[in-house]
Amino acid sequence: MQHIENEDCYNGLTVNSGVAQPPSVNPYITHRRRKPMPTVGEIVEGILKGDVTMLSRAVTLVESLSADHQTLAQEVIEKCLPYSGNSRRIGITGVPGAGKSTSIDVFGLHVLKQGGKLAVLAIDPSSERTKGSILGDKTRMEKLATHPGAFIRPSPSAGSLGGVARKTRETIVLCEAAGYNNIFVETVGVGQSETAVHSMVDFFLLIQLAGTGDELQGIKRGIMEMADGIVINKADGDNIDRARLAQAQFKSALRLFPTPASGWTPEVLTYSGYYELGIPEVWDMIDRYFDFVKANGYFDTKRAQQARYWMFETINEQLHANFYNNPEIEKMLAEGETDVLANRRTSFAAARTVLDYYFANKR
């Protein structure tokens with residue numbers, strides 16, 4: 001190919017011939033076929049042997065929206081159920097920035113030093129606009145993330161709260177069957193999710209900070225009524241006095257509440273997750289709680305109440321899904337909404353029309 005740059009007037013400047021363009025796809029790559037989905041028996045066998053890969057695949061089935069995957073997941077859960085229930089389930093909550101992930105990291109290492117295995121189920125906040133989640137809890141639990149005895153599973157909170165909570169409870173069953181005798185459930189922060197998590201754990205730990213004004217918020221939202229223990233984080237350096245003051249304030253606030261059904265009086269402790277100060281004391285409190293509720297029979301009573309609660313919650317969720325996923329109902333809801341906004345019908349009359357149709361045609 002001739003180039004004008006090679007003419008005599010451009011002496012000293014030459015353009016070399018180009019090279020052939022390489023292919024866009026590496027010719028040495030061999031296309032591998034995707035491995036077939038293991039059978040229910042293979043998944044259950046792997047879980048009972050403590051195979052983390054099989055456990056992860058089972059949790060993925062639980063979280064899947066596919067009807068086929070949900071059917072497989074329920075079969076796996078049914079077969080794993082007899083091997084579950086042998087763990088201590090601990091819910092951990094607190095305002096954003098309270099140091100939940102850092103605390104779980106040091107609490108988890110303390111538990112693992114005593115023997116056994118630990119599963120951390122972290123409900124990760126999702127964007128209301130994109131429904132996406134960062135799922136970055138493992139990056140904040142640096143030590144646990146590399147520990148062979150720990151299993152960390154972040155789950156997105158996108159979707160209905162009941163659905164997320166149900167999947168978390170089913171994941172607990174799978175983790176227990178895999179031999180994890182300590183389960184941590186971390187919530188997204190003080191809010192509605194705490195009520196759901198409280199209904200699936202044995203001990204509910206509230207992490208607070210000193211001097212942030214969250215004491216009254218905690219009382220107003222009822223979060224302190226659910227807490228079995230309150231711990232003030234970042235009690236180190238110049239913050240020790242503020243942490244002790246917050247400890248006294250929380251102790252005074254707890255006196256305003258009636259004695260919990262367990263008979264246990266919640267304790268308030270201070271610690272530092274970053275500097276790993278006061279960690280054994282926090283765990284001693286949790287040990288005392290389990291000894292107390294197992295001695296008075298409340299432990300078994302609470303587990304039974306939770307099982308009953310989740311049976312009815314599952315029924316409510318399925319009824320809700322059946323109603324709103326009905327094509328005729330969707331059409332009638334759109335028509336009813338139009339009439340209500342145009343003041344042609346009242347909200348109650350429009351709702352009654354849809355419900356009457358649903359009940360008349362239910363199978």
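Contact here means heavy atoms within 4.5 Å. By that rule, R153 touches S56, V59, T60, E63, V120, L121 and A122, not counting residues up to four places away in sequence. The structure is a predicted model, in which local features need pLDDT of at least 70 and side-chain atom pairs count only at pLDDT 80 or more, while totals for chains, interfaces and linings use all residues. Residues are numbered from 1 along each chain as its sequence is written, and side-chain values use heavy atoms, with hydrogens and water left out.

R153 lies in strand β3 (residues 150-156). Helices (H or I, at least four residues) and strands (E, at least two) are DSSP runs, numbered from the N terminus. A residue is called buried under 20% relative accessible area, exposed over 50% and partly exposed in between, using a 1.4 Å probe and protein chains only. R153 counts as buried because its relative accessibility is 15%.

Another strand to look at is β1 (residues 88-94). Because 7 of its 7 residues are buried, β1 is largely enclosed by the rest of the structure. R88, I90, I92 and G94 point one way from β1, and R89, G91 and T93 point the other way; all are buried. Two strands pair if DSSP finds at least two bridges between them. β1 pairs with strand β4 (residues 182-186) in the parallel sense over 5 bridges, and R88 stands opposite N182 in β4. β1 is also joined by 5 bridges to strand β5 (residues 203-208), and these two strands run parallel. In this second pairing, I92 stands opposite L205 of β5.

W283 is found in helix α12 (residues 279-295), and it counts as buried because its relative accessibility is 2%. Leaving aside neighbours within four places in sequence, W283 is in contact with R88, I90, H110, V111, Q114, N182 and F184. The C-alpha atoms of W283 and H110 are separated by 8.3 Å, although the two residues are 173 residues apart along the chain.

The loop between β7 (267-270) and α12 holds E276. Most residues other than glycine have a negative phi. E276 has a positive phi, near 55 degrees, and is not a glycine. With a relative accessible area of 40%, E276 is partly exposed.

Next comes a pair of helices. The axes of helix α14 (residues 327-341) and helix α15 (residues 347-361) come within 9 Å and cross at roughly 165 degrees. Angles over 145 degrees count as roughly antiparallel, those under 35 as roughly parallel, those from 65 to 115 as roughly perpendicular and the rest as oblique, so α14 is roughly antiparallel to α15. Axes are lines fitted to C-alpha atoms, for helices over the stretch in contact, and angles run from 0 to 180 degrees between N-to-C directions.

Which residues make the contact of α14 and α15? From α14 they are E328, I329, M332, L333, G336 and V340, and from α15 they are S347, A350, T353, V354, Y357 and Y358.

The loop between α14 and α15 contains N343. N343 has a positive phi of about 60 degrees although it is not a glycine. N343 is exposed, with a relative accessible area of 71%.
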